[in-house]
Amino acid sequence: MPMKNIQMINVVIQNTVTKKNIFSAALCHQLFSNVWKKNAQITIRITNHKESKKLNGQYRNIHSATNVLSFLIDNQPSLIGDLVLCHDIVKKEAKMYKKKIKDHYMHLVLHGFLHLIGYDHMEKHEQKRMESLEIKILKKYKIDNPYLTI
């Protein structure tokens with residue numbers, strides 16, 4: 001009997017800011033498995049305003065912090081990438097939009113992961129496609145449409 005290829009999405013979370021775990025690597029693995037059926041190595045780094053601003057300036061030439069940055073390192077043969085989330089901004093946005101912070105993190109982690117696998121929102125049709133997929137996947141986790149409050 002032929003052996004099945006076992007999909008392996010390895011998620012590592014580096015939390016440099018908060019003492020509590022807002023979400024788990026296992027939950028991110030489930031979330032990513034909705035759209036990715038191959039091997040992957042994803043590092044999620046939760047950082048502060050200062051580090052986010054530095055990385056955004058260095059890699060995007062935008063000299064301000066941002067909620068999530070995606071860095072594709074390699075996509076052959078496995079997907080390898082980093083997601084960097086600025087806790088200060090995620091917390092502020094969650095409060096401003098009256099969302100649970102975990103729900104907002106999950107949305108941004110999914111959003112960043114979709115960028116790693118090639119989704120974008122530069123054109124209107126790309127934006128609609130990406131947002132529709134986010135809404136559909138987040139609904140499985142009982143997370144409301146994140147775009148209703150923006």
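These questions and answers walk through a predicted model of one protein chain.

User: How many helices and strands does the protein chain have, and in which order do the elements run from the N terminus?

Analyst: The secondary structure comes to five helices and four strands. Read from the N terminus, the order of the elements is β-α-β-α-β-β-α-α-α.

User: What radius of gyration does the protein chain have, and what would a compact globule have?

Analyst: The chain has 150 residues.

User: What box do the C-alpha atoms fill?

Analyst: The box is taken along the principal axes. Its sides are roughly 55 × 35 × 30 Å.

User: What share of the residues counts as buried, and what share of the accessible surface belongs to carbon and sulfur atoms?

Analyst: Of the 150 residues, 40% count as buried. The accessible surface of the chain comes to about 9500 Å². The share that belongs to carbon and sulfur atoms is 53%.

User: What share of the contacts with a separation of 6 or more joins residues 24 or more positions apart?

Analyst: Here contact means heavy atoms within 4.5 Å. Take the contacts in the protein chain with a separation of 6 or more. Residues 24 or more positions apart account for 60%.

User: How far apart are the mean positions of the positive and negative charges?

Analyst: The protein chain holds 24 positive and 12 negative charges. Their mean positions are apart by 7 Å.

User: In which sense do strands E3 and E4 pair, and how many residues lie between them?

Analyst: E3 covers residues 68–74, and E4 covers residues 79–86. They pair over six bridges in the antiparallel sense. Two residues show the pairing: Val68 stands opposite Leu85, and Leu69 stands opposite Val84.

User: Which peptide bond is cis, and where does Pro77 lie?

Analyst: The bond from Gln76 to Pro77 is cis, with omega near -5 degrees. Pro77 belongs to the loop between E3 and E4.

User: In which sense do E2 and E4 pair, and which residue is the bridge partner of Gln41?

Analyst: E2 covers residues 40–47. E2 and E4 pair over eight bridges, in the parallel sense. The bridge partner of Gln41 in E4 is Ile80.

User: Why is E4 largely enclosed by the rest of the structure?

Analyst: A residue counts as buried under 20% relative accessible area. E4 has eight residues. The strand is largely enclosed because the number of its residues that are buried is six.

User: Is His87 buried or exposed, and which residues does it contact?

Analyst: His87 lies in helix H3, residues 87–96. Its relative accessible area is 9%. The cut-off for buried is under 20%, so His87 is buried. Leaving aside neighbours within four places in sequence, its contacts are Val17, Thr18, Ile22, Ile46, Thr47, Ile101 and Tyr105.

User: What is the phi of Asn61, and is this residue buried or exposed?

Analyst: Asn61 sits in the loop between helix H2 and E3. Its phi is near 55 degrees, a positive value in a residue other than glycine. The relative accessibility of Asn61 is 59%. Exposed means over 50%, so Asn61 is exposed.

User: Where is Lys98, and what is its relative accessible area?

Analyst: Lys98 is in the loop between H3 and helix H4. Its phi is positive, about 55 degrees, although Lys98 is not a glycine. Lys98 is exposed, with a relative accessible area of 77%.

User: How far apart in space are Lys37 and Asp144?

Analyst: Lys37 is in the loop between helix H1 and strand E2. Lys37 is exposed, with a relative accessible area of 61%. Lys37 and Asp144 are 107 residues apart in sequence. Their C-alpha to C-alpha distance is 25 Å.

Technical notes:
Residues are numbered from 1 along each chain as its sequence is written. This is a predicted model: local features need pLDDT of at least 70, side-chain atom pairs count only at pLDDT 80 or more; totals for chains, interfaces and linings use all residues. Side-chain values use heavy atoms; hydrogens and water are left out. The radius of gyration is taken over C-alpha atoms; the globule rule is 2.2 Å times the number of residues to the power 0.38. Buried means under 20% relative accessible area, exposed over 50%, partly exposed in between (1.4 Å probe, protein chains only). Accessible areas come from the Shrake-Rupley method with a 1.4 Å probe; for residues, only the protein chains shown count as cover. Lys and Arg count as positive and Asp and Glu as negative; His and the chain ends are not counted. The place of a charge is taken as NZ of Lys, CZ of Arg, CG of Asp or CD of Glu. Two strands pair if DSSP finds at least two bridges between them.
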